[in-house]
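Please walk me through this model.

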Amino acid sequence: MRYDYFKPISESIFWIGSNDRETDRFEGLWPLPHGVAYNSYLLLGEKNILIDTVKGSFAGGLSEKISAALAGKPLDYVIVNHMEPDHSGSLNAIRAAYPGVQLIGNAKTAEMLKNFFGIGENVLTVADGESLELGSRRFTFALTPMVHWPESMVAYDATDRILFSSDIFGGFGATEGGIFDDEADMRMAIEEMMRYYVNIVGRFAAPALKALFKVRALDIKTICPAHGLIWRNDPGRVIGLYEKWSRQETESGVVVVYGTMYGNTKSACDAIAGSLAENGAGCVRVYDISRCDLSRVTTDIWRNRGLVLASCTYNMELFPPMAALLRHLENKNMKGRHIGLCGTHSWADASLREMSEFVERSKGWALVPPKISIKSRPTADDFEQCRLLAANMAEALKTHSTD
Ligand code: FEO
């Protein structure tokens, strides 16, 4: 078997995924500076089983690998853990090559197979907790609804104690040579996994905790997600990280985000950030919302307990890039953070009003005083208010701290 085609996980299980370094934005939204891998797995034996496919534009490569591995033998089953097209997009190509293949999903998968691809035949549905003997292998299926789609599920191979976990435990980043956790640059991998979690899964942190409860009940030796690294060395580490993120356990740091046109709001923010550091508020990160990646700043906000938003007013409304950030944060249902606000304007104080309304709507955010309103350009009194906000934020974080 050609090694450049297949990465062996065991004698009979192979990674046959695709590395996508061509797509600029995942889901049309999220930048991919390190690409992304669509992990597909082929299990050879008494029955030949494919677990998930890859994005449609990579279907040719996937079919070629399967054909080479099977060498004329049939493909018996495809386990469809998730219907988002980055995993299901090659299903029709596989069915065309192997007309007798049976797809395995749940009732919601079956509905989506019809809606996405017009597939209504050779579909076997499983219920939550159901087990199936597929040749010499025994699989147990756990439904994980809304992590992050309604039909999402995971498949546990009791024979090799492998959890095929779909998007759960997945991360951005194409394969950089190694596919296993003991072969990779873990710092980058975990950062990209957290960015994936926060922006793709984070909205569904509560369902994720329910899914993790099911995962914890399994005797897992290896985790094979649908993106990112395979966890064979320390699967407990990634489960622990997912639990921490899903419980929204934060660190004692502050993210400062500003929206500015001519630098006046920025100068207030630099004063706030400087005073935060002087007051020992932990790690401080400063972002210009017009120039930063929304997924990166949102990940840092998820990680840290403190947030300061400072924005100018634009056309009698909140500065548009800041409005986009607030809409994204509101979608994430974040809780347990401390927030400070600073609005600037020259004749209509819309930015502070809209940011205040966001805090009121969001619940779970504790407002740190004072709310600062600056007219045109910060005065000495305004800078004093900035220092007071920073001191209060540092104090709130110390009081809250469980680090
Ligand atoms: Fe990786 Fe939800 O698809």
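Is Asp52 buried or exposed? Asp52 is buried, at a relative accessible area of 5%. Here buried means under 20% relative accessible area, exposed means over 50%, and partly exposed lies in between (1.4 Å probe, protein chains only). The model is predicted, so local features need pLDDT of at least 70 and side-chain atom pairs count only at pLDDT 80 or more, while totals for chains, interfaces and linings use all residues. Residues are numbered from 1 along each chain as its sequence is written, and side-chain values use heavy atoms, with hydrogens and water left out.

Stay with the backbone of Asp52. Its phi is near 65°, a positive value in a residue other than glycine. Asp52 sits in the loop between β8 (49-51) and α1 (59-70). Helices (H or I, at least four residues) and strands (E, at least two) are DSSP runs, numbered from the N terminus. Glu27 also has a positive phi, about 55°, and is not a glycine. Glu27 belongs to the loop between β4 (25-26) and β5 (30-31). With 35% relative accessibility, Glu27 is classed as partly exposed.

Two cis peptide bonds deserve a look. One joins Val147 and His148, with omega about 5°. His148 lies in the loop between β13 (137-143) and β14 (153-157). Another joins Pro369 and Pro370, with omega about -5°. Pro370 is in the loop between β23 and β24.

Now the whole protein. It has 12 helices and 24 strands. Its C-alpha trace spans about 80 × 40 × 35 Å along the principal axes. Of the 403 residues, 55% are buried. Contact means heavy atoms within 4.5 Å. Among contacts with a separation of 6 or more, 72% come from residues 24 or more positions apart.

Ser166 shows such contacts at residue level. It lies in strand β15 (residues 162-166). Ser166 is buried, with a relative accessible area of 3%. Neighbours within four places in sequence aside, Ser166 is in contact with Asn81, His82, Met153, Cys224, Pro225 and Ala226. Lys363 gives another view. It lies in the loop between α11 (350-362) and β23 (365-367). Lys363 is exposed, with a relative accessible area of 62%. Lys363 and Ser18 are 345 residues apart along the chain, and their C-alpha atoms are separated by 42 Å.

Next, helix α4 (residues 107-117). Its buried residues are Thr109, Ala110, Met112 and Leu113. Seen down the axis of α4, these residues fall within an arc of 165°, so they line one face of the helix. The arc is that of the directions from the helix axis to the C-beta atoms. On the other side of α4, Ala107, Glu111, Lys114 and Asn115 are exposed. The buried residues of α4 pack against α3 (91-97), β10 (102-105) and β11 (123-125).

Helix α12 covers residues 380-400. How far apart are its end C-alpha atoms? They are 30 Å apart, which agrees with the 30 Å that 21 residues should span at 1.5 Å a residue. The expected span is 1.5 Å times one less than the number of residues. The buried residues of α12 are Asp382, Cys386, Leu389, Ala390, Met393, Ala394, Ala396 and Leu397. Down the axis of α12 they fall within an arc of 160°, so they line one face of the helix. On the other side, Ala380, Asp381 and Thr399 are exposed. The cover over the buried residues of α12 includes β17 (251-259), α8 (264-278), β19 (304-311), β22 (337-345) and β24 (372-375).

Finally, the domains. The protein is divided into domain 1 (7-246) and domain 2 (254-401). These bounds come from an automatic or database domain assignment. The C-alpha centres of domain 1 and domain 2 lie 38 Å apart. Across the boundary, 13 residues of domain 1 are in contact with 12 residues of domain 2. The area buried between the two domains is about 1,200 Å², and carbon and sulfur atoms give 53% of it. Buried area is the accessible area (1.4 Å probe) that two parts lose on being put together, summed over both. In domain 1, Met194, Val198 and Arg203 lose the most area to domain 2, together 41% of what that side buries.

Charge pairs also link the domains. How many salt bridges are there between domain 1 and domain 2? The count is 4. A salt bridge is a side-chain nitrogen of Lys or Arg within 4 Å of a carboxyl oxygen of Asp or Glu. Glu191 forms a salt bridge with Arg303, and their closest N and O atoms are 2.7 Å apart.
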